[in-house]
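Dear colleague,

I am passing on the structure we spoke about, and I would be glad if you could look through it before reading my notes. What I found follows below it.

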Amino acid sequence: MTRPLLFSVLTTLALLIGCGEKPHTEAAADGHEHAAGTRYTCPMHPSVVEDHPGSCPICKMDLVPVRAAVDTVRTDTATAAMQMNGQPMTEPMQRVSLSAIGRIRANVATVEVTRQALEASGATSVAGRIGYAEDRARTLSAPLAGRVDGLAVDYVGQPVASGAALVDLYAPDLLTTQSEHLLARRSRSALPADASPETVAQADDLVHASAERLRLLGLTTGQLAALVRRGSAGPTTALVAPFAGAITWRGVERGQYVAAGAPLVQIVPLDPVWLVADVVEGAGAELRRGGELTAVVSGGLTVRGKIDFISPTVDPATRTIQVRATLPNPTGRLRPGALAEVTLAPANAAGQPLPLVVPTSAVIETGRRTIVWVEVAPNQFEGRTVTLGRRGAGAVEVASGLAEGERVVASGAFLIDSDATLRSAAGGPMGGMAM
């Protein structure tokens, strides 16, 4: 801050805070005498300073008296500048006292320090896209060696219904296992009514064991029931879709021989889907799991969700962090591959208490430290050094220096801080001042 500008600010502040006090050396209002050493200045042009009453040569307004403290500041501008630029003040920090009328003139208002969610600082829009819920993907593999006799999957992206037959696999070994199951069931049914409990239990165990082997080979409950109704074994089995979705990969063709365990096709559900957004590296620190997001998908559809994944790594090519939310899609209107404009909002970390939040106007940042003025008694204010956290829309998180329930100056804090600095630079008393 330059010397003329600093002096103008300090002089104006001195006039504002002292406008209700008349120096005891002044003559009566209707007189013309003035005390020796009294200085006069123009309220509109503080650079005009005279040692006698009169009119401002610039705007012709009447000159008004200036406190002696201002003269002291004029003679030690360097000291005042040091204080204004954040150099350490004498500890403990100065308290400032206001009269009731002075508080009104200075437009001082306080608010209570509370714990609350920090709202996003403006709309943060990033590019996004709809994708498959990859964590729910399923790969159908060959349960045993055989030949692909039928394939209902014609292309990647093909929608399929739950329970639909996708691959018909011819496997001679399957014929043996089916025959064993049918034989076990016939043997169990042929037991006489007076068979011993041990014999019945052994027959039941054979039935359950053979049925379990067929399930391990990929047969569903419905296919087992169909085998029992048919009563005859066959060397071909159908691999069915475990849920409704879309094919994302196909690794076989009709007539191809495959080994046991070979992957055949992959299916992914279309409900739910992922909303994936790429956030600029620097903005990732403001995000938390559970944070709200809103997306406008291609075509004008608006959806809302909560962040359930934040990538722990940064994409080295784009310098972005991937953020993801899982969205329900019962109607199928959210199509994987569609682009979206995503608006993100940070949220408090899961399991953590809400942060202490104060208005941005309550914070004075000098460059060396950050100060908030706290009302410690009616019309008495104390400067407090604080540590800030995340910033939001018109508010900021306080990490240390304040306690819940204290009242901070939200309006007029700069005036109080500047007057305290002025008095400290002028060597004034530490007990405070009255406006």
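**What was found**

Strand β21 (residues 356–359) and strand β26 (residues 395–400) are joined by four bridges and run antiparallel, and within this pairing Leu356 has Val398 of β26 as its bridge partner. Please bear in mind throughout that this is a predicted model. The two strands belong to an open sheet of four strands, ordered β6-β21-β26-β25 with antiparallel pairing. The edges of that sheet are formed by β6 (114–115) and β25 (387–391), each of which pairs on one side only.

For the overall picture, the protein has eight helices and 27 strands, and 39% of its 435 residues count as buried. Its accessible surface comes to about 22,500 Å², with 55% of this belonging to carbon and sulfur atoms. Among the contacts with a separation of 6 or more, 72% are between residues 24 or more positions apart.

Strand β11 runs antiparallel to β9, to which four bridges join it, and Gly150 stands opposite Asp168 of β11. Strand β11 also runs antiparallel to β12, here through five bridges, with Val167 opposite Leu239 of β12.

Which residues touch the most other members of the largest nonpolar core? They are Leu166, Val167, Leu174, Val258 and Leu264, out of the 28 residues that make up this core. Two or more residues come from each of β9 (146–151), β11 (165–170), α5, α7 (221–230) and β15 (263–268). A second, separate core holds 20 residues, including Ile130, Leu275, Val279 and Leu334. In soluble globular proteins, nonpolar side chains tend to be buried together.

With neighbours within four places in sequence left aside, Thr237 is in contact with Val167, Asp168, Leu169, Leu174, Leu219 and Gln223.

Is Leu191 buried or partly exposed? Its relative accessibility is 23%, so Leu191 counts as partly exposed. The residue is found in the loop between α5 (172–189) and α6 (197–216). Not counting residues up to four places away in sequence, Leu191 touches Thr199, Val200 and Ala203. The C-alpha atoms of Leu191 and Ala203 are separated by 8.7 Å, the two residues being twelve apart along the chain.

Finally, on the aromatic rings, a search of the whole structure finds zero aromatic pairs. Rings do, however, take part in another arrangement, in which Arg324 lies over the face of Trp274 at 3.7 Å from the ring centre. The charged end of Arg324 also sits over the ring of Phe309, at 4.3 Å from its centre.

With best regards

Definitions and conventions
Residues numbered from 1 in each chain as written. Predicted model: local features only at pLDDT ≥ 70, side-chain atom pairs only at ≥ 80, totals over all residues. Heavy atoms only, no water. Phe/Tyr/Trp six-rings, centres within 6.5 Å; stacked < 30°, edge-to-face > 60°. Lys NZ or Arg CZ within 6 Å of the ring centre and 35° of its normal. Pairing = 2+ DSSP bridges. Buried < 20%, exposed > 50% of the residue type's maximum accessible area, 1.4 Å probe, protein only. Contact = heavy atoms within 4.5 Å. Core = buried A, V, L, I, M, F, W, Y, C linked by side-chain atoms within 4.5 Å. Areas by Shrake-Rupley, 256 points an atom, 1.4 Å probe, with all protein chains shown as cover.
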